[in-house]
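Open your viewer and get ready to select along with this tour. We will go from one stop to the next, with a short note on what to look for at each.

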Amino acid sequence: MNRSIGRLSAALLATGLVAIAAPAWAHVDVSSADATRGGFGVATFRVPNESDAAATTKLTVTLPSKAPFAFVTAEAKPGWKVSMTTEKLDKPVKNGDFEVTEITRTITWTATGDGTAPQQYDTFGISGGPFPDTDRLVMPATQTYDDGEVVAWDQVHKGDTEPEHPAPTLELAVGDAADAAAPTAPTESSSDDTALIVAIAAAVIATGALLVSVRQNRQRA
């Protein structure tokens, strides 16, 4: 009886904490280690496969038009081909020291092989700038599976409730000296790191509880 209770308690604890962490990994998101307002950097999109049977075979990212990049390049990935669409602006816009007349509107990666299998994820990067002078940059994405399913990650987060398909949103640091005086809000990737730590802690606690239960039963025997 005691052994069963110990094992059940450990399993429930681990399952509960992992369930709390899991939603943070379930959508397409974007993060950067060096992107700052007005600067250049790399933004990386993490794309998990949420299907039970189909592979992810295409990702399209839409870049901002109101605050366009002056320069942008896409990551070259083995097993994927990349294409871009451009758009001429009716009027030139200033981005830092640059005058922008034509912008990259979308970047699409299309699998040339099997794509991203179920229960796996992949990353896709862009490099460019200057990034706009704003605290966050929304870049909607569309994920396509080989069974024909298309998921639009384009819902803007408003209020305390996260939408079902949130658009990838990059938090931008204010840059250089201002960083020390005014720390920026944590990004989604830091939230994901916290979730991973919680999940690992849950596994350690569960293992400890199971060992204690086994030891107690051996002593009684």
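You are looking at a predicted model, in which local features need pLDDT of at least 70 and side-chain atom pairs count only at pLDDT 80 or more, while totals for chains, interfaces and linings use all residues. Residues are numbered from 1 along each chain as its sequence is written, and side-chain values use heavy atoms, leaving out hydrogens and water.

**Stop 1: the whole chain.** Along the sequence they run α-β-β-β-β-β-β-β-β-β-β-β-α-α. Of the 221 residues, 34% count as buried (under 20% relative accessible area; exposed is over 50%, partly exposed in between, with a 1.4 Å probe and protein chains only).

**Stop 2: Glu 75.** Select Glu 75 in the loop between strand 4 (71–74) and strand 5 (80–95). Its relative accessibility is 32%, so Glu 75 counts as partly exposed. Which residues does Glu 75 contact, leaving aside its neighbours within four places in sequence? They are Trp 109, Thr 123, Phe 124 and Gly 125, where contact means heavy atoms within 4.5 Å. Draw a distance from the Glu 75 side chain to Gly 125: a polar atom of that side chain lies 2.7 Å from the backbone nitrogen of Gly 125.

Stop 3: Next, show the five strands in the order 5-6-3-9-10, which form an open sheet with antiparallel pairing (two strands pair if DSSP finds at least two bridges between them). Strand 5 and strand 10 (150–153) are the edge strands, each pairing on one side only. Zoom in on strand 3 (residues 56–62) and strand 9 (residues 141–145), an antiparallel pair with five bridges. Which residue of strand 9 is the bridge partner of Leu 59? Select Gln 143 to see that partner.

**Stop 4: the nonpolar core.** A nonpolar core is a set of buried Ala, Val, Leu, Ile, Met, Phe, Trp, Tyr and Cys residues joined through side-chain atoms within 4.5 Å. The largest one has 27 residues, and those touching the most other members are Val 61, Leu 63, Trp 109, Ile 126, Met 139 and Leu 170. At least two residues of this core come from each of strand 2 (41–48), strand 3, strand 6 (98–111), strand 7 (121–129), strand 9 and strand 10. Keep Leu 170 selected: not counting residues up to four places away in sequence, its contacts include Val 30, Ala 43, Phe 131 and Met 139.

**Stop 5: Thr 169.** Thr 169 lies in strand 11 (residues 169–171). Thr 169 is buried, with a relative accessible area of 15%. Its side chain reaches the backbone oxygen of Ala 167 at 3.0 Å.

**Stop 6: two backbone details.** Most residues other than glycine have a negative phi, and most peptide bonds are trans. Go to Gly 129 and Pro 130, joined by a cis peptide bond with omega about -10°. Pro 130 sits in the loop between strand 7 and strand 8 (136–138). Finish at Gln 119, in the loop between strand 6 and strand 7. There, phi is near 65°, a positive value in a residue other than glycine. Buried or exposed, what is Gln 119? With 80% relative accessibility, Gln 119 counts as exposed.

How values were computed
Helix = DSSP H or I, 4+ residues; strand = E, 2+ residues; numbered from the N terminus. Polar contact = N/O pair within 3.5 Å; in protein donor to acceptor, adjacent residues only side chain to side chain.
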